[in-house]
Amino acid sequence: MEWLSGACLIKTVKNVNEYTMPLSFHSDEDSFRVYPTDVGLLAAMYEYPLKEKLIANEPGSLNPYLKGGMHEALVADMLIKNGHDDLFFKKNESATFEIEFLIENADGIIPIEVKAGNSRSRSLDNLLKRDDVPYGYKLVDGNVGRSGKKITLPLYMAMFP
């Protein structure tokens with residue numbers, strides 16, 4: 001893992017146990033996710049029928065976990081290439097709360113939730129109720145929108161947060 005990370009082929013994203021800056025002080029070294037830094041190589045590792053389903057993007061044609069994982073990997077890659085070197089995520093042990101990415105900027109800690117479709121975002125909605133969360137992003141297979149502190153963007157706009 002260290003070799004792959006040093007070769008810039010993967011990026012580890014650590015879980016945080018507290019929503020306080022700096023996030024690196026509250027990250028759990030034993031709880032992390034690994035994302036490839038080249039989603040094209042990830043897709044190339046799959047067999048042709050799966051690639052065909054990815055490109056077709058037909059509802060119900062792909063396992064939702066695979067589709068969601070591909071979208072998360074794509075967003076992670078875009079965030080990293082946009083200069084967000086330190087990415088974090090938040091997931092509790094009972095899996096009732098999950099935010100795919102947390103980034104830090106001048107405004108504070110910004111949550112980013114990734115949806116392969118355009119389903120509800122309960123975790124993001126709950127987090128945005130906090131006073132110390134200025135706004136959050138929901139990246140979806142859909143259009144631009146805003147509802148209170150939640151900014152909805154199409155997945156291809158993941159480069160902007």
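Visitor: Is Tyr135 buried or exposed?
Guide: Keep in mind that this is a predicted model. The relative accessible area of Tyr135 comes to 15%. Buried means under 20%, so Tyr135 is buried.

Visitor: What kind of pair do the rings of Tyr135 and Tyr137 make?
Guide: Let's take the two rings together. Their centres lie 5.7 Å apart, and their planes meet at 85°. Planes over 60 degrees apart count as edge-to-face, so the pair of Tyr135 and Tyr137 is edge-to-face.

Visitor: How many aromatic pairs does the structure hold, and what kind is the one with Tyr35 and Phe101?
Guide: The structure has two aromatic pairs. Tyr35 and Phe101 have ring centres 5.6 Å apart and planes at 45°, so this pair is tilted.

Visitor: Which strands does the pair of Tyr35 and Phe101 link?
Guide: These two residues are 66 residues apart, so to speak in distant parts of the chain. Tyr35 is buried at 6% relative accessibility, and Phe101 is buried at 0%. Tyr35 belongs to strand β2 and Phe101 to strand β4.

Visitor: Is Val34 buried, partly exposed or exposed?
Guide: Val34 sits in strand β2, residues 27–36. Together with Met1 and Phe32, Val34 makes a nonpolar surface patch of about 270 Å². Its relative accessibility is 37%, so Val34 counts as partly exposed.

Visitor: Which ring does the charged end of Arg33 sit over?
Guide: Look for the charged end of Arg33, 4.1 Å from the centre of a ring. That ring belongs to Phe89.

How values were computed:
Residues numbered from 1 in each chain as written. Predicted model: local features only at pLDDT ≥ 70, side-chain atom pairs only at ≥ 80, totals over all residues. Heavy atoms only, no water. Patch = residues over 30% accessible without salt bridge, like charges linked within 9 Å, V, L, I, M, F, W, Y side chains within 5 Å. Areas by Shrake-Rupley, 256 points an atom, 1.4 Å probe, with all protein chains shown as cover. Salt bridge = Lys/Arg side-chain N within 4 Å of Asp/Glu carboxyl O. Helix = DSSP H or I, 4+ residues; strand = E, 2+ residues; numbered from the N terminus. Buried < 20%, exposed > 50% of the residue type's maximum accessible area, 1.4 Å probe, protein only. Phe/Tyr/Trp six-rings, centres within 6.5 Å; stacked < 30°, edge-to-face > 60°. Lys NZ or Arg CZ within 6 Å of the ring centre and 35° of its normal.
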